[in-house]
Amino acid sequence: MGRLARYAPAAIPQHVIQRGNNRQSCFVSKENFAVYSAYLNEALEKYAVRCHGWVFMTNHVHLLCTPSTDNALSKMMQWLGQKYVRYYNRHSARSGTLFEGRFKSCPVQTERYFLNCLKYIELNPVRAGMVSDPAEYYWSSYQANALGKNITMWTPHPEYLRLGKTPAERRRAYREIMEQPATEALLKEIRQSTQRGMALGNDRFKDQLEQCGSRRQRPLKSGPKKSAP
């Protein structure tokens, strides 16, 4: 069965994962992280995509972005990948591909799911055992969302802005959300939605996307098992 076409409509947040080919490292130095960050910032501006969350791990990247047009996300990721791979190959005396051929992405419902997805992204270094506190990891949007660091590529989402009337109130409320444990069911839902390229949200949200995008947002149901002859 062929893979489903990507559905990344304008104005709907998308959870994006870009992995190294065969899980190989994409970042081996602070300079690598800094260059990728600079290219991402340029790409966001070039294609009018707003970035609300990110984490750069050694062999993959998570982004939570809202494109302004239907094709903006794919164009941005293609441009970003080409720029970074050229840089990385040139400075590492290597050639060939670096990232998997196709990045993963899924539409994210704002209510309930947006902040949980953002939390999932920023806690990646903690789950990986790299740090004990997300504040200790530099290459993450936690620095902006929770600590108030001024980062050019960060655009606060309306759902985040509703956390408080002032920046200090929002940061405090966000830190409290980050301290609340997520259920295994929710973590599984986030992972499966992104892996399958299907909507992360409730049934109403999935119904709306299916009607607008003419593609399914749910896994196909397994048919009845045939009896052995």
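Modeller: In this predicted model, helices are DSSP runs of at least four residues and strands are DSSP runs of at least two.

Biologist: Where is His157 found?

Modeller: His157 is found in the loop between helix H5 (142-145) and helix H6 (158-161).

Biologist: Why is His157 called buried?

Modeller: The relative accessible area of His157 is 8%. Buried means under 20%, and therefore His157 is called buried.

Biologist: Which residues does His157 touch, not counting residues up to four places away in sequence?

Modeller: His157 touches Pro13, His52, Thr66, Thr110 and Phe114. One of them, Thr66, is also the bridge partner in E3 of Arg50.

Biologist: What makes E2 and strand E3 (residues 60-67) a pair?

Modeller: Two strands pair if at least two bridges are found between them. E2 and E3 have seven bridges, in the antiparallel sense, and therefore they count as a pair.

Biologist: What is the order of the strands in the open sheet?

Modeller: The four strands have the order E2-E3-E1-E4, with antiparallel pairing.

Biologist: Why are strand E2 (49-56) and strand E4 (104-107) called edge strands?

Modeller: Each of these strands, E2 and E4, pairs on one side only. On average, neighbouring strands of this sheet are turned by 15° against each other, direction ignored.

Biologist: Which helices lie across strands of this sheet?

Modeller: Helix H1 (residues 30-46) lies across E2 and E3, and runs at about 165° to E2. Helix H8 (residues 184-196) lies across strand E1 (14-19) and E4, and runs at about 110° to E4.

Technical notes
Residues are numbered from 1 along each chain as its sequence is written. This is a predicted model: local features need pLDDT of at least 70, side-chain atom pairs count only at pLDDT 80 or more; totals for chains, interfaces and linings use all residues. Side-chain values use heavy atoms; hydrogens and water are left out. Axes are lines fitted to C-alpha atoms, for helices over the stretch in contact, and angles run from 0 to 180 degrees between N-to-C directions. Contact means heavy atoms within 4.5 Å. Buried means under 20% relative accessible area, exposed over 50%, partly exposed in between (1.4 Å probe, protein chains only).
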